[in-house]
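I opened this entry to log what I looked up, item by item. Sequence and model go first, then my notes.

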Amino acid sequence: MNRLFKVALPTTLALAIVLFMSAFSFANTSDSSPIVVKADEYNWSELKAGVDYVEDEMLVTFKDDIESKDVVYEFAKRYNYDIEILSFGDFAGTKTALVRLEKGSSVEDAIRKIEEDEVVLSVSPNIIIRIENSMEQSQVYSQWHIDRYTMPIVWDMARCDNNVTVAVLDGAVDVHHEDLEDNILMSYAKDVVHNCALTSGNDNHATHVAGIISAVADNDIGVQGVSYNANIIPINIKDDDGGIRKESVVRAYNHLLTNIPENINLKVINCSFGGPGLTGDLENYVNAAAARGIITVCAAGNENTDAAHY
C-alpha cells in the first residue's frame, strides 16, 4: 500500500495527528518494490525548462543491489557526467544522485539515453515544486480552527509533552520567534539548499506552518499550535528565488533518515508544498520514513481544482 498521504482536509487538521504519535507506531505494510518513473510518463510538451524543472540537471536513482558508491562514480565516468550523491540509503529506491549536464543539454534526451543502463533504476528531471501558499487567505491570528477541529477534546485525550518531534520541510523558519523558539531543536535544524546549519530565518510561510503545528501555549504571545508541546526540526528546502527543487526534498529526507537519533522521536514530516510535476519516485523516501515509523503529511493544494497534484 502506498504511503503518500495527500490530505484533502486542511493541513491544520491533518497535523493534529501528531498528538497521538507518542502512543502509536506505524508498521511497514508496504512491499519493498521501489516506485519507478520513466521518460514516457512525462508530458514533455508542457514542461518548461527553468520553470517546471531545472535546466541541465537530472536525478538518477540507482538499483537497490548496488552496494558501493564506486559503481555510481564509474557510471558518471562512463558518461562523462558531473555527479553528486544525494542519498545512498538501504531502503528501496533511495540511492539517488544529482547529475549536472553540459549547459544547453536536453534533459529529456539525457534521460532517455541512460534510463535503460544496467545500474539505473529511474531517472527524472530536477522538478521545481512550489510552496502551497495560502497566506493571503489566512487570518494568522484567528484561532477558529482550534474549536472547528475540537482540539480541546483531542488535548484531553493525548498530549505529547515534548517527547514527539515534527520536521517541517519548507522555507527558513524564524527559529528565534518568541512563540516558537522553546520548541525548536536547533541541533538538527538544517538548510539543505546551502548545506549548513539553519541558525536564522524569516520565511513567513514556513514560520506560519511551524506555528500552526507547535506555537507555545499559555504564554500570552501570539497563537498556540495544534500540538503546542511538540518539538520542531525546521528544514529549509526553498531556493533563494522561492522555488523548491526535487533534489532538496531528497536531501532533506536523507538528513532526517540518517542524522536524527531515535531518541529524538521524529514521528511526522510536514510537506506544505506540491504541484503538477511528476515526482512519484519521491514516494520511495516517504516509504523509507514510514518503515521507521515516521508519517508524511502533504498539502493537497489550494487551487480548488481536480488536477493531479504531487
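I began with contacts (heavy atoms within 4.5 Å). Among those in the protein chain between residues at least 6 apart in sequence, 80% join residues at least 24 apart. The model is predicted: local features need pLDDT of at least 70, side-chain atom pairs count only at pLDDT 80 or more, and totals for chains, interfaces and linings use all residues. Numbering runs from 1 along each chain as its sequence is written, and side-chain values use heavy atoms, with hydrogens and water left out.

**Overall**

I counted 8 helices and 13 strands in the protein chain. These are DSSP runs, helices being H or I of at least four residues and strands E of at least two, numbered from the N terminus. Burial came next: 54% of the 310 residues are buried. The cut-offs are under 20% relative accessible area for buried, over 50% for exposed and partly exposed in between, with a 1.4 Å probe and protein chains only.

**Confidence**

I checked pLDDT, the predictor's confidence in each residue from 0 to 100. Its mean over the protein chain is 83, and 80% of the residues reach 70 or more. Residues 17–30 stay under 50, yet the model gives them 38 contacts beyond four places in sequence. Residues 134–141 are also below 50, with 9 contacts beyond near neighbours in sequence.

I looked up Ser124 in strand 5 (residues 120–131). Ser124 is buried, at 0% relative accessible area. Its side chain makes a polar contact with the side chain of Lys246 at 2.7 Å. For that term I used N or O atoms within 3.5 Å; within protein, one must be able to donate a hydrogen and the other to accept it, and residues adjacent in sequence count only if both atoms are side-chain atoms. Beyond four places in sequence, Ser124 also touches residues including Tyr42, Met58, Ile111 and Asp281.

I then listed cavities and found 4 of 30 Å³ or more. A cavity is a set of points, on a 1 Å grid over the protein atoms alone, where a 1.4 Å probe fits but cannot get out; lining residues have an atom within 4 Å of a point. Points are joined across faces, edges and corners, and the volume is the space filled by probe spheres set on them. The second largest cavity holds about 60 Å³. Ser124 and Lys246 both line this cavity, as do Leu59 and Asp281, among others. Strand 2 (53–62), helix 7 and helix 8 (283–290) each give two or more residues to the lining. By class, the lining has 4 nonpolar, 5 polar and 2 charged residues.

**Helix 6**

How many of the 11 residues of helix 6 are buried? I get 10, so helix 6 (residues 204–214) is largely enclosed by the rest of the structure. The buried ones include His205, His208 and Ser214. At the N-terminal end, Asp203 is the cap: a side-chain oxygen lies 3.1 Å from the backbone nitrogen of His205.

**Positive phi**

Most residues other than glycine have a negative phi. I noted two with positive values. Asn195 has phi near 55 degrees. It sits in the loop between strand 7 (190–191) and strand 8 (196–197). Asn195 is exposed, at 59% relative accessibility. Asn265 has phi near 60 degrees. Its loop runs between helix 7 (246–259) and strand 11 (266–271). Asn265 is partly exposed, at 21%.

Definitions and conventions. 1 Å grid on protein atoms, 1.4 Å probe; cavity = no way out; pocket = protein on both sides within 12 Å on 5 of 7 lines; lining within 4 Å. Nonpolar A, V, L, I, M, F, W, Y, C, P; charged D, E, K, R; others polar.
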